[in-house]
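Please read the model below alongside its sequence. The paragraphs after it go through selected parts in turn.

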Amino acid sequence: MLDRLIIEFDKSLRTMMAEAHSVRPHPDGTLQEARMTDAEKKHAAALMRINHSGEVCAQALYNGQSLTARNKETVAALQQAAQEETEHLAWCEKRIKELGSRTSVLNPVFYGGSLVLGAIAGALGDRWNLGFLAETERQVGQHLESHLEKLPQHDAKSRAIIEQMRVDEAHHAETAIQQGAAELPRPVKAAMQAASRTMTSTAYYL
Ligand SMILES: [Fe+2]
Ligand SMILES: [Fe+2]
């Protein structure tokens, strides 16, 4: 357990302090920067900051979950998902910089809260743990869809990143369901939605 804690501590520092790297090419790598007004850039950057914080939360949730998960296959699935979330982090981080902005100052708070939530989900057993993963990914998918509507139409670069993330998140949800995820009770889903609303509305500005 102590080993696992040390590894998680190391991962959390890396998520927040170090620049994330992507093994896959960045989805917007071959696209041209669009001409945008300052207001459009600021809005796009704020939306990408929310997505970046969402990925910080995802990292923390999966790390928390794998800390307490019992089944080896579940731990492997969580680690695979966390690896892809690192790529999402890298894509969002780079895009925010290109848009002339910064990541959220609240990321350490989001990370800490999500790590605890993840560890609790993991402790409830693998079916619930996977159910929590599937529901998280489903909600993230819906949220990404809403961002495709909110982003400036001609910001092809940000849109390409979000499109690929949406595909990946759907795949993460599918994997969790295949591994035997339980359907979460409605109040739990609603609480998760409320928590993510708090995160998204603060990360837009902070
Ligand atoms: Fe993600
Ligand atoms: Fe995901």
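The model is predicted, and local features are described here where pLDDT is at least 70. Begin with helix 2, residues 38-68.

Which residues of helix 4 are buried? They are Asn107, Phe110, Tyr111, Ser114, Gly118, Ala119, Ala121 and Gly122. Viewed down the axis of helix 4, these buried residues fall within an arc of 160 degrees, so they line one face of the helix. The background to such a pattern is that an α-helix has 3.6 residues a turn, so residues three or four places apart point the same way. Just after helix 4 comes Gly125, with a positive phi of about 110 degrees.

Ala69 sits in the loop between helix 2 and helix 3. With a relative accessibility of 4%, Ala69 counts as buried, because the limit for that class is 20%. Ala69 and Ile120 are separated by 51 residues in sequence, yet their C-alpha atoms are 9.7 Å apart.

Lys94 belongs to helix 3, which runs over residues 72-98. Its relative accessible area of 37% makes Lys94 partly exposed. Between Lys94 and Met48 there are 9.9 Å from C-alpha to C-alpha, although they are 46 residues apart in sequence.

Gln153 is found in the loop between helix 5 and helix 6. Is Gln153 buried or exposed? Its relative accessible area is 61%, and Gln153 is therefore exposed, since that class begins over 50%. Gln153 and Ala34 are 119 residues apart in sequence, with a C-alpha to C-alpha distance of 9.9 Å.

Now turn to the largest pocket, which holds about 840 Å³ of space. It is lined by 39 residues, and the closest to its centre are Met192, Ala195, Ser196, Arg197 and Met199. Which helices each supply at least two residues of this lining? They are helix 2, helix 4, helix 5 (126-150), helix 6 (156-178) and helix 7 (186-203). The largest share comes from helix 5, which gives eleven residues. By type, the lining of the largest pocket divides into 18 nonpolar, 15 polar and six charged residues.

The last stop is the aromatic rings. How many aromatic pairs does a search of the whole structure find? The search finds one. The pair is formed by Tyr204 and Tyr205, with 4.9 Å between the ring centres and 70 degrees between the planes, an edge-to-face arrangement. The label follows because planes over 60 degrees apart count as edge-to-face. Tyr204 is partly exposed, with a relative accessible area of 24%, whereas Tyr205 is exposed, at 62%.

Notes: Residues are numbered from 1 along each chain as its sequence is written. Chains are lettered from A and ligands numbered from 1 in the order in which they are written. This is a predicted model: local features need pLDDT of at least 70, side-chain atom pairs count only at pLDDT 80 or more; totals for chains, interfaces and linings use all residues. Side-chain values use heavy atoms; hydrogens and water are left out. Buried means under 20% relative accessible area, exposed over 50%, partly exposed in between (1.4 Å probe, protein chains only). Helices (H or I, at least four residues) and strands (E, at least two) are DSSP runs, numbered from the N terminus. The arc is that of the directions from the helix axis to the C-beta atoms. Rings of Phe, Tyr and Trp (its six-membered ring) pair if their centres lie within 6.5 Å; planes under 30 degrees apart count as stacked, over 60 as edge-to-face and the rest as tilted. On a 1 Å grid over the protein atoms alone, a cavity is a set of points where a 1.4 Å probe fits but cannot get out, and a pocket is an open set with protein on both sides within 12 Å along at least five of seven lines; lining residues have an atom within 4 Å of a point. Grid points are joined across faces, edges and corners, and a volume is the space filled by probe spheres set on the points. Ala, Val, Leu, Ile, Met, Phe, Trp, Tyr, Cys and Pro count as nonpolar, Asp, Glu, Lys and Arg as charged, and the others, Gly among them, as polar.
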